[in-house]
Amino acid sequence: MENLFKMSLFMPPISPIKDENTGKTVKSATLTPFRTMSIDEVHRLITSDQRLAELTLAIRNAAAQGDETTARFLKQQTLPYVTPCGVFTRRRSDSLTESSGLVVVDIDHLESAEETENLRQQLFDDPYLCPALVFISPTGRGVKAFVPCLHGQNPAEGIQWAMNYVHCMYDAENTQPGKGVDTSGKDLVRACFLCHDPKALLRKVVNFEL
């Protein structure tokens, strides 16, 4: 079928920005969406937006220097993000207005850029996942895949199925804490940071009838 997936785009920050000296909030977290985006628009943004490329480079430079605190701060405070499961009026699970039929799977803390790039292609080529979009994460050491739900699945079931499948097929031998499939977010409003990946893979037609 034609790729018509839609989701909400949110502007940063995803969490409140606080004054280091007083601890007071100087900028609240964004809770309402900026606009609705098609997955084609998401792909264009992450492959070609120059400002997003600059923000992503700053995060990856911090990560490469081993400064995970700065990398995490920059990610949370500067990157836009989407809700792959659908369109929301507010960043809350009970504010869904249109389900996209997609769920997101993250694989984090990979060993090298080569491993990350190889996994991006492997996930995209997987005939059981058939992801609509696959791209490298903000730090450059992870992969994000937007996966269609199986027929008859609700999003919660789809997230669990996709996580379990990716873990079994690509992550089963991993025993290192923090590495591998990120299982921290399983609700409808799970956010996904957008970042620059000029080689992000988009599937124009999703043939997913298992």
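I started at strand β1 (residues 6–10), which pairs with β4 in the antiparallel sense over four bridges. The model is predicted, so I read what follows as computed from that model. At one point of this pairing, K6 stands opposite S38 in β4.

Next I looked up the sheet around β1. Which strands does the sheet hold, and in what order? It is an open sheet of four strands, ordered β4-β1-β5-β12, with antiparallel pairing. I noted β4 (35–38) and β12 at the edges. Each has a single partner strand, so one side of each is left without a neighbour in the sheet. As a reminder to myself, strands of a sheet pair through backbone hydrogen bonds, either parallel or antiparallel.

I then checked what packs on this sheet. Helix α1 (residues 39–48) does, and α1 touches β1, β4 and β5 (81–83). The direction of α1 makes about 90° with that of β4.

**Whole chain**

I noted five helices and 13 strands. The C-alpha trace spans about 55 × 40 × 30 Å along its principal axes. I compared the radius of gyration with the value for a compact globule. For 210 residues that value is near 17 Å, and the protein has 17 Å, which agrees.

Buried residues make up 46% of the 210 residues. I put the accessible surface at about 10800 Å², and 50% of that belongs to carbon and sulfur atoms.

**Salt bridges**

Side chains of opposite charge can pair when their charged atoms come close. How many salt bridges does the count come to? I get six.

I went to E54 first. E54 forms a salt bridge with R51, and the closest N and O atoms are 3.5 Å apart. Both residues lie in helix α2 (residues 50–64). They are three residues apart, about one turn of the helix. E54 is partly exposed at 43% relative accessibility. R51 is exposed, with a relative accessible area of 52%. The cut-off for exposed is over 50%, so R51 passes it.

D94 and R92 came next. Their closest N and O atoms are 3.1 Å apart in the salt bridge. D94 counts as exposed at 59% relative accessibility. R92 is partly exposed, with a relative accessible area of 43%.

Then I turned to D197, which forms a salt bridge with R120. The closest N and O atoms here are 2.9 Å apart. This pair links distant parts of the chain, 77 residues apart. D197 is in the loop between β12 (192–193) and β13 (201–202), and R120 is in helix α4 (residues 113–125). Are the two partners buried or exposed? D197 counts as buried at 4% relative accessibility. R120 counts as buried as well, at 8%.

**A buried serine**

I looked up S137, in the loop between β9 (133–136) and β10 (143–148). S137 counts as buried, because its relative accessibility is 5% and the cut-off is under 20%. What does S137 contact, leaving aside its neighbours within four places in sequence? I listed R60, G142, V143, K144 and C195.

**Backbone checks**

The peptide bond from P12 to P13 is cis, with omega near 5°. P13 is in the loop between β1 and β2 (17–18).

H109 has a positive phi of about 55°, although it is not a glycine. I placed H109 in the loop between β8 (102–108) and α4. H109 is partly exposed, with a relative accessible area of 45%.

C130 also has a positive phi, about 45°, and is not a glycine. C130 lies in the loop between α4 and β9.

Technical notes
Residues are numbered from 1 along each chain as its sequence is written. This is a predicted model: local features need pLDDT of at least 70, side-chain atom pairs count only at pLDDT 80 or more; totals for chains, interfaces and linings use all residues. Side-chain values use heavy atoms; hydrogens and water are left out. A salt bridge is a side-chain nitrogen of Lys or Arg within 4 Å of a carboxyl oxygen of Asp or Glu. Helices (H or I, at least four residues) and strands (E, at least two) are DSSP runs, numbered from the N terminus. Buried means under 20% relative accessible area, exposed over 50%, partly exposed in between (1.4 Å probe, protein chains only). Two strands pair if DSSP finds at least two bridges between them. Contact means heavy atoms within 4.5 Å. Axes are lines fitted to C-alpha atoms, for helices over the stretch in contact, and angles run from 0 to 180 degrees between N-to-C directions. The radius of gyration is taken over C-alpha atoms; the globule rule is 2.2 Å times the number of residues to the power 0.38. Accessible areas come from the Shrake-Rupley method with a 1.4 Å probe; for residues, only the protein chains shown count as cover.
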